[in-house]
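Here are my notes on this one, written for reading with the structure open beside you. I start with the core and then go through the charged pairs.

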Amino acid sequence: MIELTKEYIENLKNIIADKDDAKAKEPLKDLYPADIAELYEELN
């Protein structure tokens, strides 16, 4: 299970800011749907 730490979220924000779609999908593949929903809330 992956912990959604501040570092994890900041890293994902940086990937998104770089507009690298393929790289942005990679960290999401091992997350549960509930974790993705939580992450989505953090990114807004």
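1. Start with the inside. This is a predicted model, and its largest nonpolar core has 6 residues: L4, Y8, I9, L12, L31 and L39. Helix α1, which runs over residues 6-17, gives the most to this core, with 3 residues.

2. L39 deserves a click. If you skip its neighbours within four places in sequence, L39 is in contact with L4, Y8, I9, L12, L28 and L31. L39 is itself listed in the largest nonpolar core, so try colouring that set of buried residues together.

3. On to the charges. How many salt bridges does a search of the whole structure find? The search comes up with 2. As background, side chains of opposite charge can pair when their charged atoms come close.

4. One of these salt bridges joins K13 and E10, with the closest N and O atoms 3.6 Å apart. Both sit in helix α1, and because they are 3 residues apart there, about one helical turn separates them. K13 is partly exposed at 33% relative accessible area, and E10 is also partly exposed, at 41%.

5. There is also a salt bridge between E26 and K29, where the closest N and O atoms are 3.3 Å apart. Are these two partners buried or exposed? E26 has a relative accessible area of 45%, so E26 falls in the partly exposed class. K29 comes in at 56% relative accessibility and therefore counts as exposed, the cut-off for that being over 50%.

Conventions: Residues numbered from 1 in each chain as written. Predicted model: local features only at pLDDT ≥ 70, side-chain atom pairs only at ≥ 80, totals over all residues. Heavy atoms only, no water. Core = buried A, V, L, I, M, F, W, Y, C linked by side-chain atoms within 4.5 Å. Buried < 20%, exposed > 50% of the residue type's maximum accessible area, 1.4 Å probe, protein only. Helix = DSSP H or I, 4+ residues; strand = E, 2+ residues; numbered from the N terminus. Contact = heavy atoms within 4.5 Å. Salt bridge = Lys/Arg side-chain N within 4 Å of Asp/Glu carboxyl O.
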